[in-house]
Amino acid sequence: MLFWFVAALLTVGASLAVLLPLARRGDDERAAESNDLEVYRDQLAELDRDAARGLIQPAEAEQARAEIARRILQADGRIAESTPKAPAGRMLPRIAATVAILAVPLVSWGIYAGIGSPGLPSQPLAERLAKNPADSTVDELVARAEAHLAANPSDGRGWDVLAPIYLRLGRYGEAVNAYRNAIRLDGASALRESGLGEATAGAAGGLVTEEARAAFARALELEPEQPKARYYLATALAQEGRTAEAKAAWQAMLAALPPNSPWHAATAQAIEQANSELAAAETPPAPGPTSEQVEAAADMSEEDRNAMIQTMVAGLDARLRENPQDPEGWARLLRSYVMLGDKQAASDALARGRQALGEDSDAARNLVALAGSLGLPATE
Amino acid sequence: MVEIGHFALVLAFALALVQSVLPLAGARSGNARMMATGGPVAITGFVMVALAFAVLTLSYARSDFSVVNVWENSHSLKPMLYKITGTWGNHEGSMLLWVLILTFFGALVALFGANLPATLRAGVISVQGWIGAAFLLFILATSNPFTRLTPAPIEGRDLNPVLQDIGLAIHPPLLYLGYVGFSVCFSFAVAALIDGRIDAAWARWVRPWTLAAWSFLTGGIAMGSYWAYYELGWGGFWFWDPVENASFMPWLAGTALLHSAIVMEKRSALKIWTLLLAILTFSLSLLGTFLVRSGVLTSVHAFATDPSRGIFILCILTIFIGGSLALFALRAPTLTAGGIFHPVSREGALVLNNLFLTTATATVLIGTLYPLVVEALSGDKISVGAPFFNLTFGPLMVPLLALVPFGPLLAWKRGDLLAVGQRLMAAFAGALLVVLVTALFVDGASVLAALGVGLAAWLVFGALTDLALKAGVGSVPVGTMLRRLAGLPLSVFGTTLAHLGLGLTTLGVVGVLSFESENILSMRPGDTAEIAGRALRFESIDPVKGPNYTEDRATFALLDEAGQPYASVVSAKRFYPVRQMPTTEAGIRTMGFSQLYISIGDQTADGALVVRIWWKPMVTLIWLGALVMMGGGAVSLFDRRLRVGAPARRRKAASGRPGEAAA
């Protein structure tokens, strides 16, 4: 509302700037101009001063004076000659003036209607972070928590709240950090340890690494029935290719789960997957790492493992080049590159992904938002 | 709030359209009321753009990431100063600053133009309106800084770290005041061509605008040069980079314009040439804008590039340069010749100055555009670097500099070279003495270096001789002399200061080029190094966390003869995580006019640090000289004769208006 009021006010002001001079009464016929005469008179006076100061020789001064006098005569002659121009009809100026006065509001409102976003309020960061949390977006809440934790880094509860949110947003690196802080400050709990494990695995692209396994193991020490830890430890077995053992672990877990646990569906699905994998062991699933690969990865040194992950990422990259209409794939590729620390490739992937998905599509925008949350630098 | 700025910008465009047509139509048809709209419309247009600019700045200050431009170029953790300067540290914002300054000059003409004939004033304001409308359309169509983003991201992508510096607060505004200031000279030229009346008075009316633009451009270029010197970490002050050349060409042409306008004002001669220079100077400014903004060149100035913008600016460029030159070709034959003069005279000296300066401009233009043309035609990438410019630009400048002291001493119309030579004897003897002292007593001075220092001294002494002679040193008693000195027109002091500053800059350039010493070595904490007879010790290197960066800060201690530290220099390498970019923060200590410059490189595996140390003798004179030149321009600007020209009747009537009083 305020915007419309101010915009109307500005329009009126701008229109008046055109209207007022046009509406002024009086001297339509202007006097012949004598501005240049003033200049020449001043030149004469200056010449006299210079001559008095001795800056210029008397003979030279005389010549210069004659020259300026000639200019004055010329200018005088022109003024005498120039009869005031007859105003070019009464109609034409009036039409021009009317068009000009109308042009200001019409052009401005017309263009603004095309390119403006009048309904969009300004959103200064400080205000966004201070408003009622119920109205905030997840990003804003996270930023708020981050600002709070930057000021009070020893607030364990803050880290505890933030960590699962990071996890859900797929910001695994930050989730790992948050869980570690929470554990350091408020002590270990089964929930925190299993969360740390999940974040660590997420950061490794879904691979339950040795580190993640250790975290899950610690969680089970604190609470032997912790479903997340059990589920992931079984997944670790499956990833090593010990599918039968994994299936057994999942089955045992399923039997022990309380009836209203949210883990029923996931576990059942995992068992089903294990079954089909056992049935057709020789046909590995296409996108994820195969069990052989994972098994190999478990024994590898850090460098070799990185090399293998890189090969897999390159495979994903190649696949996306052939079949680019895959928002999920682009997101995974982006995350993988950032995780590998290859910013250049990540920016490149972002650019290609945006192009493939269409610059203005929702999918492309999500991708850009993801890139922003991963701390990817601006592409130029 | 943001949208109010957006709307004000659109409104400014509508006003610019009216400004383009109405006053000029009034001037052509003799309608005083239509002409009178020019002033209020120009001022209101400026207020609207200023409002838009203020709103954008506020969005930056408050980190409003719902504005795409803010999100792309800011970060909530940046210090407040860089949030604000970040407003013009990007393509869209800098174009808005460009237009802000353009409309600012339009408003100034409206406010201080009471001494101009009404038709000329209306014409000038209309031509300013054309330029304003073209660039506002460019902004709205291709580079709108008020494009919104919803939902708004929570954090921005930060500003290019190289630009996070106090230099961004000063360099672009000054440079643009210069660049865009020449638009007024252009508008004067075009308006006069349309009007068909071009005489000595015109030259006087356009002079203050030329002086103001030239002073700002001088300051802007010098500031840019100093910024590059300390921020890029190579210790060079001028790189012959195409973007630098883009600002240097209008400066050379503007300097020529400044001098030829003197001849036109005094003798009513060189009219055609002066008009052409006024058109060319602003055309070179436009060309610079095109080169920098179109993405033809890649550099720190280019920001984000987009071919559609390049084509748009190319169209603006073609229309304005082509149109004004066509108008010039149409009207130039009707101009009457002015006063005649002997080759050896003040006029002759100024013509010589113009010949050298325009040739130099052409040289720089060729050196800048040739690689682009070659790349466009054959696809080969070539670079025309410092060697080309040193071989062509240098030899052009040396004779020009040698001739500078003669100019102000020569009489108008017909000068006496012998008499002038006699009067310059003292200055020449002084310069010769400086050459001998340099050659004999300064270690490692080559003959060329000594001559270079002598040339600088010749300029300084020559400039002072002019002032001394005009005050009557030696021929009148001291009291009279001082009275005469105080009574001299300010423009005389302006000339002296500008030529003196030129001498100082020359001295700085010669000093650095001839006597600089450099030492590159790898150091560990506790190691000492020598440079130009000074010892310094590498004390320590410590990690430091800044607001939006981390840095490794190396501390060096300067040691006196007893080995005791008496001062310290800090040099750092910064890393900005958001953009993943490193920058160098050179450690600089100024001693007298010279500087010690330390830049650190990477740490080697065994913990040693690669350190580059320079001793740069008299380097600060390069920029101090430019400041003195700028001061000369400012002093000239306040000369009383530049305010004359309003007919007495009107002056009285208008004396109550604030604009008049300030003028």
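Predicted model: local features only at pLDDT ≥ 70, side-chain atom pairs only at ≥ 80, totals over all residues.

Begin by selecting residues 490-515 of chain B, which form helix 19. At 1.5 Å a residue, its 26 residues should span 38 Å, and because its end C-alpha atoms are 37 Å apart, the helix agrees with that expectation.

Next, select helix 11 (residues 227-239) of chain A together with helix 13 (residues 263-279) of chain A, which pack with their axes 11 Å apart and at an angle of about 15°. An angle under 35 degrees counts as roughly parallel, and helix 11 and helix 13 of chain A are therefore described that way. The crossing of helix 11 of chain A past helix 13 of chain A is left-handed. To see where they meet, show Pro227(A), Tyr231(A) and Ala238(A) from helix 11 against Trp263(A), Ala266(A), Thr267(A) and Ala274(A) from helix 13. Of the residues in this contact, six are nonpolar, one is polar and none is charged.

Finally, centre the view on Ala14(A), in helix 1 (residues 2-23) of chain A. Is Ala14(A) buried or exposed? Ala14(A) has 25 other C-beta atoms within 10 Å and is therefore buried, the threshold being 20 or more. Beyond its neighbours within four places in sequence, Ala14(A) is in contact with Val104(A) and also with Leu11(B), Leu15(B), Thr44(B) and Met48(B).

Technical notes:
Residues numbered from 1 in each chain as written. Chains lettered and ligands numbered in written order. Helix = DSSP H or I, 4+ residues; strand = E, 2+ residues; numbered from the N terminus. Expected span 1.5 Å × (residues − 1). Axes fitted to C-alpha atoms, helices over the stretch in contact; angles between N-to-C directions. Parallel < 35°, antiparallel > 145°, perpendicular 65-115°, else oblique. Left-handed = near helix turned anticlockwise from the far one by under 90°. Contact = placed C-beta atoms within 7 Å. Nonpolar A, V, L, I, M, F, W, Y, C, P; charged D, E, K, R; others polar. Buried ≥ 20, exposed ≤ 12 C-beta atoms within 10 Å, placed from the backbone.
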